[in-house]
Amino acid sequence: MSNFRAQLAEQRWDDHRYYHHSLVNQSLHFVSACTFMVAYCLLLVDPAVASLLAWGVAMTSRQAGHFFFEPKTYDHVNQASHEHKEEIKLGYNLFRKWVLMSVWVSVPLVLLATPTLFDTLERPAGVMDYLRHVGIGWLVLGIGAIIVRSLQLFAQYDVETGLVWATKIVTDPFNDFRLYKGAPLRLLKGERIDRHEAV
């Protein structure tokens, strides 16, 4: 168990130091963390709405931070190029995120084209039923994305590495809340880059 905790701490630290230099990105992760925590509570009550909130707000804000605001230049603090960081990233690097987000966008489009999903779902009676189908589709996608990447890590490294990564992903909202709660205020004060992590 101590090795599991050590690996979890290492994966979290690598994720933070390599991929969260921008205070805009950190602030968006804070928004994402708050939204995910609300979605986690809603998951027990209404999984479809929880998933719509998680994917529609939390994931879009989170990934926008990575795609549009995180520096892609040479990382002098960690002495690593962006390409090297993408190569060694355990979880979803930017390429895998593009694939994941493309599938995410395709879910509502597929459900528009085939509202019953080839007779596996009830025909939606209106917009709300359609959105609930989208929410459940996104929930399946989220769970599937964690399972698929975990299985890839099992094969590439070992079972523990995959389980540690899956644990990190599920608990990221709580860790991000703790790490990035001060970022919005720093951003409002005019800071753009976390000077403790990047030059």
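Visitor: Which residues does Ser-22 touch, not counting residues up to four places away in sequence?

Guide: This is a predicted model, in which local features need pLDDT of at least 70 and side-chain atom pairs count only at pLDDT 80 or more, while totals for chains, interfaces and linings use all residues. Residues are numbered from 1 along each chain as its sequence is written, and side-chain values use heavy atoms, with hydrogens and water left out. Contact means heavy atoms within 4.5 Å. With that sequence limit, Ser-22 touches Phe-69, Glu-70, Pro-71, Arg-192 and Ile-193.

Visitor: Where is Ser-22 found?

Guide: Helices (H or I, at least four residues) and strands (E, at least two) are DSSP runs, numbered from the N terminus. Ser-22 sits in the loop between H1 and helix H2 (23–43). Its C-alpha atom is separated by 9.3 Å from that of Ala-183, 161 residues apart along the chain.

Visitor: Is Ser-22 buried or exposed?

Guide: Buried means under 20% relative accessible area, exposed over 50%, and partly exposed in between (1.4 Å probe, protein chains only). Ser-22 has a relative accessible area of 3%, and therefore counts as buried.

Visitor: How many cavities of 30 Å³ or more are there?

Guide: On a 1 Å grid over the protein atoms alone, a cavity is a set of points where a 1.4 Å probe fits but cannot get out; lining residues have an atom within 4 Å of a point. Grid points are joined across faces, edges and corners, and a volume is the space filled by probe spheres set on the points. The count here is 2 cavities of 30 Å³ or more.

Visitor: What lines the largest cavity?

Guide: Its lining has 14 residues, of which Tyr-19, Glu-70, His-82, Glu-86 and Leu-94 lie nearest the centre. Helix H1 (2–19), helix H4 (82–88) and helix H5 (94–113) each give two or more residues to this lining, and H4 gives the most, with 3 residues. For residue classes, Ala, Val, Leu, Ile, Met, Phe, Trp, Tyr, Cys and Pro count as nonpolar, Asp, Glu, Lys and Arg as charged, and the others, Gly among them, as polar. The lining of the largest cavity divides into 5 nonpolar, 3 polar and 6 charged residues.

Visitor: Which element supplies the largest share of the lining of the second largest cavity?

Guide: That share, 5 residues, comes from H7. The lining of the second largest cavity includes Arg-12, Asp-15 and Asp-172.

Key: 1 Å grid on protein atoms, 1.4 Å probe; cavity = no way out; pocket = protein on both sides within 12 Å on 5 of 7 lines; lining within 4 Å.
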